[in-house]
Amino acid sequence: MSSEQETSKVKAENALLNIKRTLHGSIDLIEAGIAYGWAYDPSNIEPLNINLIADGRLVGAGLANGYREDLLNANIGKGNHAFKIDIEELPNNNKDVISYSIVEATTRQTIENGSYEYSSVSQNFCVDDFREENGYILFNVVSNKNLSNNIVCIYSFDEIISEIFLSDHKKYSKVEFKLPIHFHDGNDHLIKVSVKGMTQIIATLIVNIKPIKTPWTYLKDSFRTPRILSLSKQSSTRYESLNYQLEAMVNNKRYSDIQNILTYHTVVVEGYEGRTEFSKIILPKTAFPKVSIIIPAFNKFALTYHCIASIALAFNKTPYEVILADDCSTDLTSEAESIIENLIVSRTSVNLRFLKNCNEASKYAKGEYIIFLNNDTEVTSFWIDELINKHDEDQSIAITGSKLLNSDGTLQEAGGIIWGNGDPWNVGRNQNALLPEYNYSREVDYITGAALCIKKSVWEEVGLFSDEFSPCYYEDTDLSFKVRSFGYKVVYVPHSEVIHFEGLSHGKDISEGLKKYQAINASLFCEKWFSEYCDNGIPHHDLLPLKKDRHADQRILVIDYATPIQNQDAGSYAAIQEMKLMQSLGFKVTFVPANLAHLGAHTAHLQKMGIEVLYTPFYLSVNQVLERRLNEFNAVYITRYHIAKDYIDYIRKNSRAKIIFNNSDLHFLREMRLALKKKDNKELLDNSLKTREEELSVCQKVDAILCYNATEHAVITSHISESDKLHITPWVLEEKNKGKDFLERHGIAFLGGFNHLPNREAVEFLNDEIMPLLEKKRPDIILYVYGSKMPIEYKECTAENIRMVGFSESLDDVYHNHRVFVAPLLSGAGIKGKVLESMAYHLPTVLTNVAAEGTGLTHGISTLIAHSPEEWVDSIIKLYDDHVLWHKFSENSQLLVDMNYSFLHGKQVFKKIFSSVGIYSKK
C-alpha cells in the first residue's frame, strides 16, 4: 500500500473511531427560519460540516465556510468559518424555551459553546392569499390572538426589505407592500414573511416582474432587439425547444435543418396577432407515424399557422403527422398545404362544425394514436412523448391529456372534474402551474379536447365523438366517460405542457355563435351520464384537493430522508418499488423528502409515476406538511428510524392515520457489528446502545414494523413483545436479460454507494486482503469496482488487478460484462440490493454471511460463502473457472427470484401488511 493510501486509511479510521477534537462555535442568531453563527476546528483548516439540533432532533445542516471579518479579527482561522443555515420548524409544543445546539455532522461531536436558547412565541401565525399583483405583495396575516403590536417582516431571500407594524386589535389583518423598483428586473425573487420574534418563516412566494410591461402585441416587431425576445411568458419553453433541436441536429449531422428551425422559432416568437406574412414551413415527413395530430380549423389561419410552427419547433422523439381538419374555410386555411409542406389536409365541402369535422378528419389518421389539438395552442418540447409514454406504461389507459397553461404562465387546467350536480371544473384554474398538487399523473374525470390523446383502436371501438353533441361542446367530456364505460382509464399528464390561448376559436360569450351550445349540451351530458357522476359531491373549492383524487381507494403519505435517485443505491431502488406496490393496491401516494428539495429529473420521475411529491417553497418543512395535510391520509409510511422519531408523536396526537415503519436496516445492529470489529470500541458500542434505545422506541410506537430479513425480525422480536406487528418487507426485482454467456465475460465486479460505510469497508477488504493474494495465484482476474460518490483516494488506486470505475449509468455494465459478483461485506444490516440485482441478472456470487443475509442464497447451492481472505481467493477462482457450477448457481438463484421477488409476490405481501393495520385494498 502506498504512503498516500495509508494516510487516507488512517484518516478514515480516525473518523470511524470518533476521535475527540476540540471544536468551537456559536449560534449568534435564529430568526425567520435561518440560523446564523460559526463553527471551527483549530486542528484542521477545512470547513466543518455541521448539524443543528433542537429538542433532540435535526433541524438544519450545512457547511461553515462563510467569511466574516470579526472572526478573522478574533483569530478564528482565516475568518472562513461562518454559517447561515435554513432550519426546519419544530412541531407545536408548549415549551417557553427551545434549546438549539451545533454538532459536527460526521462524528456527531457537540461543539463547545454552540448552544442557543430561544424564548418561543406563544402565538400561532399563518398567511393566506399570498400573491404579487402589479408590483405589490398582498397577503393576510391570521393569528389565534390579537395581532396588535406585532411586526411583520418581509424578506427577499435572507435580507429584510420591510417591517410592517400591525395595530389592529383583531386576529386578521390585510397587508399590502409595494416592492422596490429593483425587483422589476425579470428575475426570480424569493419573498418570505415572518413575524418579529419568531424563529420560523410563515410563508414564501417566488415573484418575477418584467421590467417592460407593454403587451407582446406591440413588441413583436422588436423581438430581435436584445432583452425583448425573452419577455414573453413562453420564452423559456421556446429556448428549450431550440436547444433540443440543435442538439439533435449535431448528433445526427443534419445541419441543413438550421434554416427550418430558425423559421419555426421566428414564426412562434412573432406570434399570431395581426400576422399577414406566412413563410414556408416544412414539417417532418414520415411514412409510419406513431401519432396523428388533428387540428380542426375554420378560418383564423394565423392561429393555425402559429400552432403548427410550434409543433415543428417543439422537440419530440415520437414520429408524427399533422392533419389539418379544414372545415370549409374561406381564408388562407383553404390553401394551407401550399404554405406548410408535408401537411395532410382533410377538407370538407360544407361546414360540418367541430365535432363532425374531427370525426371526418380521423379517417385520414395513420398513427397508432390520435391527438386532437386546438388551433389556438402553442405546444412545448416532449409534449407528444410524455402523452405516449404514459400509454406505453399502462395498456389500460385510453386517453391522456396535457397540462393546459394560460398565456400568462398560470395554470388553466390540470385535468377535469365533474361534480355531483354535473358541473365541470378545470382543476387548478389560474393557480401557480408549479404547485405540487397539480404536477403528478393521475386519473381524472375528463380531458379537455384542446389537447387530448386517444388510442386510435379505442377511438374506433367507442364510436368516435358522439353525434348527439354536434356541433360542439361536451363531446370531449362525453368521450372520456365513454371510454371509461368500456373499462379504460383517462389520465392527466402534467409533463406534457400546452399553452392554450382560450376563447380565440369560439369566443367566450355563451349567448352567441357556437359558444351557445355549451349550455345546450351541458343538459344533454347531465342526462346521459347522471348515474356515473351523481355521487361525486357538491361543488366546493375546499373539497377539490380530495375529490380530484377520488379514483384512489386509500391515501398514503410516504416520508423518507431524501428523494430516491434511480440506479444510485439500493435504498432508492427499494423506495421506488415500494411506492409502486402501494399504487398497485389502488392507493394514492404522496411523497415528502425530509429535506423538501426538488431533485429535478428524480422528482419528475416520481411525478410521472403518479406520485404527488411535496417540496419547497410550497412546503417549508415536514411539520408544515403534517399540519396542512395529515387529515387526508389513511396511513403514514416512514422509512428510517431517525426520520420516524421526529414525527411519530405528532401523527399519533393529531390523526387516526396508521403508522407503518420501514426500518431500512436495523441501525443499532449495524453499529454493534462495526463496534465489535474495532479494538477500541467503547464509544462506538455506547453509540450503538443509544441508537438501539431510540430505534426500539420507534418500533414500540408504530402500528407495523417492516424488516428486510428474518435476522433483523428476530432481533427486534427479542426486544419488544408485539411480534405480531413485524413483517418481512418484500423486495421486487425487475426481469433482466441474461446477458453474455460464460466465456464472453471477464473479471469480477463489486457495486456499492460509497456514502455507506459497509461498502467502503468491503472495498478496503478487497484492496488490502483479497486482491493481493488473488494476484499471486491468478493475475489475469481483474476486479472492477462500481459505485456512486467514490472517494478520490479510491480512484487513485494503482493496483494491477483492480479497476476503480465509479458510477455507472446502467447496471447492465456491471452485471452483463463480468463473470462473478463479489460482496465481502463485513458489517451492515438489512437486505443487500446489490446481491439481489446480481441474482436477477443471472450472475453468480461469492459472498460473506452478512451479504447473503435475507436473500435466500445457500452456500454450495446458489452461491459460495467465504470468510478468510484465503477462502475468498479459492472461492473466486473456483466459480470463475467452473462453467458447470457457474450455470448451476445462475439457474438456482433465478428460481429464487421467480419465487420470492416478483412484483405479484410483493403486491400480495404489501396487501397483507396494510390489511393488518386496517388499510384495505380492492385490488
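How far apart should the ends of helix α3 be at 1.5 Å a residue, and what do its end C-alpha atoms show? Hold that thought for a moment, everyone, while I say what we are looking at.

This is a predicted model, where local features need pLDDT of at least 70 and side-chain atom pairs count only at pLDDT 80 or more, while totals for chains, interfaces and linings use all residues. Residues are numbered from 1 along each chain as its sequence is written, and side-chain values use heavy atoms, with hydrogens and water left out.

Let me start with the whole chain. It has 27 helices and 41 strands; these are DSSP runs, H or I of at least four residues for helices and E of at least two for strands, numbered from the N terminus. Along the principal axes, the C-alpha trace spans about 90 × 80 × 55 Å. For 923 residues, a compact globule would have a radius of gyration near 29 Å, and the chain agrees with that at 31 Å. That radius is taken over C-alpha atoms, and the globule rule is 2.2 Å times the number of residues to the power 0.38.

Of the 923 residues, 55% are buried. By buried I mean under 20% relative accessible area, with exposed over 50% and partly exposed in between, using a 1.4 Å probe and protein chains only. As for contacts, meaning heavy atoms within 4.5 Å, 69% of those with a separation of 6 or more are between residues 24 or more positions apart.

Now, back to α3. This helix covers residues 235-252, and its 18 residues should span 26 Å; the end C-alpha atoms are 26 Å apart, so the two agree. The expected span is 1.5 Å times one less than the number of residues.

Which residues of α3 are buried? They are S235, T237, R238, S241, Q245, A248 and M249. On the face turned away from the buried side sit the exposed residues Y239 and N251.

What does the buried side pack against? The partners are α4 (258-270), α5 (301-313) and β21 (377-379). Helix α5 is itself mostly covered, with 13 of its 13 residues buried. From first C-alpha to last, α5 reaches 18 Å, close to the 18 Å expected.

Side chains of opposite charge can pair when their charged atoms come close. I count a salt bridge when a side-chain nitrogen of Lys or Arg is within 4 Å of a carboxyl oxygen of Asp or Glu, and the whole structure has 37 of them. One joins E378 and R238, at 2.8 Å from N to O. This pair links strand β21 to helix α3 across 140 residues of sequence, and both E378 and R238 are buried.

Another salt bridge, also 2.8 Å from N to O, pairs E270 with R275. Here E270 is partly exposed at 23% relative accessibility, whereas R275 is buried at 15%.

A further one, at 2.9 Å, connects K528 and D478. K528 belongs to helix α10 (residues 517-533) and D478 to helix α9 (residues 475-485), so the bridge ties together parts 50 residues apart in sequence. K528 is partly exposed at 32%, and D478 is buried at 0%. There is also a network of salt bridges with shared partners, made up of E437, K548, D549, K588, E612, R629 and E632.

Last stop, the nonpolar cores. In soluble globular proteins, nonpolar side chains tend to be buried together. A core here is a set of buried Ala, Val, Leu, Ile, Met, Phe, Trp, Tyr and Cys residues joined through side-chain atoms within 4.5 Å. The largest has 118 residues, and I454 and F914 have the most contacts inside it. Helix α10 gives the largest share of this core, 5 residues. Setting aside neighbours within four places in sequence, F914 touches I556, M582, L585, F587, A635, Y637, I660 and I919. A second, separate core has 65 residues, including L843, L857, A866 and I877.
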